[in-house]
Amino acid sequence: MKPFSEVLHNLRPHTARAYDQAWRDLAGHLGGLEQLASLTAPQVESWVAGMRARGLSAATIRIRLSAVSALFEKGNDPTASIPRPSLPERNETPLAAHQTENLLAAIDRSTEHGRQDFALLGLILLTGWKVEKVRSLCWADLTFKNGKMYLKDGPERIQLPMALWRTIATLMQDTHGSTALHPGTYLFVAIEGFGCRNPKVIHTIENKPLSRQDINRRILRYARLAGIDTRMTSRRLAAAGKTIGRAEISVLLENLHLLKQQVNIPSNLRTWNRISAG
């Protein structure tokens, strides 16, 4: 059996807590942590039956089985023969266009954090991409040509509405102090407080994209502010963007009148093209 510390080493904090809770629960069922080393499949079956009797959800049982499985090598895993309970199907109500508009309107776009969230959620809606793809976008994924900004999508390009690309340009100036950035600079990084040298420049912690969990928490917060009762996730937001369509999403973003102040777009367009070409 692997040491607990070895399994926990690279896990996220919330996952590590769930694993630790699973091991302690199993140890309580067996009569001690030392019993885990000689764990058998019938003992796991008995433990699973006990969790079902206590009313634990299928998702909880699945993650607890995964926690126990992580302690053993593939050939010696006592949970391998135990069927995982099926998760209930999600019956999600499609997000209407007016709900999407209300969600974006709930963002305070007068702040740097608000502009970041507007650009982030706007791109998820416009592209319909998974959050992993959107959060990992870099400066090199954008091109600026003839007064228009485009987002690379393989061999194709997606034209960004003016409200969105002006927000991104302002965001880059706020977080990095310049739009002359390295091609590998992430568009959406954690920002905290104000910079020491320039009070108008936000201090970026590091060139590391926002986590999926953080993005989903932001989406849920704005959904609640907009009065959307059902649980909102990036996946549902992307699905709404696909259903509504890029043309209508672009009109929606423009109609929100995102930024009224003048944005300093770089005068040297060749610099933008060179950086974007990466």
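Predicted model: local features only at pLDDT ≥ 70, side-chain atom pairs only at ≥ 80, totals over all residues.
Student: Where does Ala 223 lie, and is it buried or exposed?

Tutor: Ala 223 belongs to helix α9, which covers residues 212-225. Its relative accessible area is 1%, so Ala 223 is buried (buried means under 20% relative accessible area, exposed over 50% and partly exposed in between, with a 1.4 Å probe and protein chains only).

Student: What does Ala 223 touch, not counting residues up to four places away in sequence?

Tutor: With those residues set aside, Ala 223 is in contact with Leu 103, Ile 228 and Met 232, where contact means heavy atoms within 4.5 Å. The C-alpha atoms of Ala 223 and Leu 104 are separated by 8.7 Å, although these residues are 119 residues apart along the chain.

Student: Switching to the whole protein, what share of the residues is buried?

Tutor: Of the 278 residues in the protein, 45% are buried. Among contacts with a separation of 6 or more, 61% are between residues 24 or more positions apart.

Student: Ok, now helix packing: at what angle do α6 and α10 pack?

Tutor: Helix α6 (residues 112-127) meets helix α10 (residues 234-244) at an angle of about 55°, and their axes are 6 Å apart. That angle makes α6 oblique to α10. The axes are lines fitted to C-alpha atoms, for helices over the stretch in contact, and the angles run from 0 to 180 degrees between N-to-C directions. Angles under 35 degrees count as roughly parallel, over 145 as roughly antiparallel, 65 to 115 as roughly perpendicular and the rest as oblique.

Student: Which residues of α6 and α10 meet there?

Tutor: From α6 come Leu 121, Ile 124 and Leu 125, and they meet Ser 234, Leu 237, Ala 238, Ala 240 and Gly 241 of α10. Sorted by class, the contact of α6 with α10 has six nonpolar, two polar and no charged residues (Ala, Val, Leu, Ile, Met, Phe, Trp, Tyr, Cys and Pro count as nonpolar, Asp, Glu, Lys and Arg as charged, and the others, Gly among them, as polar).

Student: Which residues touch the most other members in the largest nonpolar core?

Tutor: A nonpolar core is a set of buried Ala, Val, Leu, Ile, Met, Phe, Trp, Tyr and Cys residues joined through side-chain atoms within 4.5 Å. The largest one holds 45 residues, and those that touch the most other members are Leu 104, Leu 121, Leu 123, Leu 160, Ile 168 and Phe 188. Helix α6 supplies the largest share of this core, eight residues. There is also a second, separate core of 20 residues, which includes Val 7, Ala 22, Val 68 and Leu 71.

Student: Where is Ala 22, and what is it in contact with, leaving aside neighbours within four places in sequence?

Tutor: Ala 22 lies in helix α2, residues 13-30, and is buried, with a relative accessible area of 0%. Apart from those neighbours, Ala 22 is in contact with Trp 47, Arg 64 and Ala 67.

Student: How far apart are the axes of α2 and α3?

Tutor: The axes of α2 and helix α3 (residues 41-53) are 10 Å apart, and the two helices pack at an angle of about 105°. That makes α2 roughly perpendicular to α3. On the α2 side of their contact are Ala 22, Asp 25, Leu 26, His 29 and Leu 30, which meet Gln 43, Ser 46, Trp 47 and Met 51 of α3. The residues of the contact of α2 with α3 comprise five nonpolar, three polar and one charged.

Student: Last topic, loops: where does Asn 146 lie, and is it buried or exposed?

Tutor: Asn 146 sits in the loop between β1 (142-145) and β2 (148-153), and with 67% relative accessibility it counts as exposed. Asn 146 has a positive phi of about 55°, although it is not a glycine.

Student: And in which loop is Pro 183?

Tutor: Pro 183 is in the loop between α8 (162-176) and β4 (189-194), and at 22% relative accessibility it counts as partly exposed. Pro 183 and Ala 140 are 43 residues apart in sequence, yet 4.5 Å apart in space, C-alpha to C-alpha.

How values were computed:
Residues numbered from 1 in each chain as written. Heavy atoms only, no water. Helix = DSSP H or I, 4+ residues; strand = E, 2+ residues; numbered from the N terminus.
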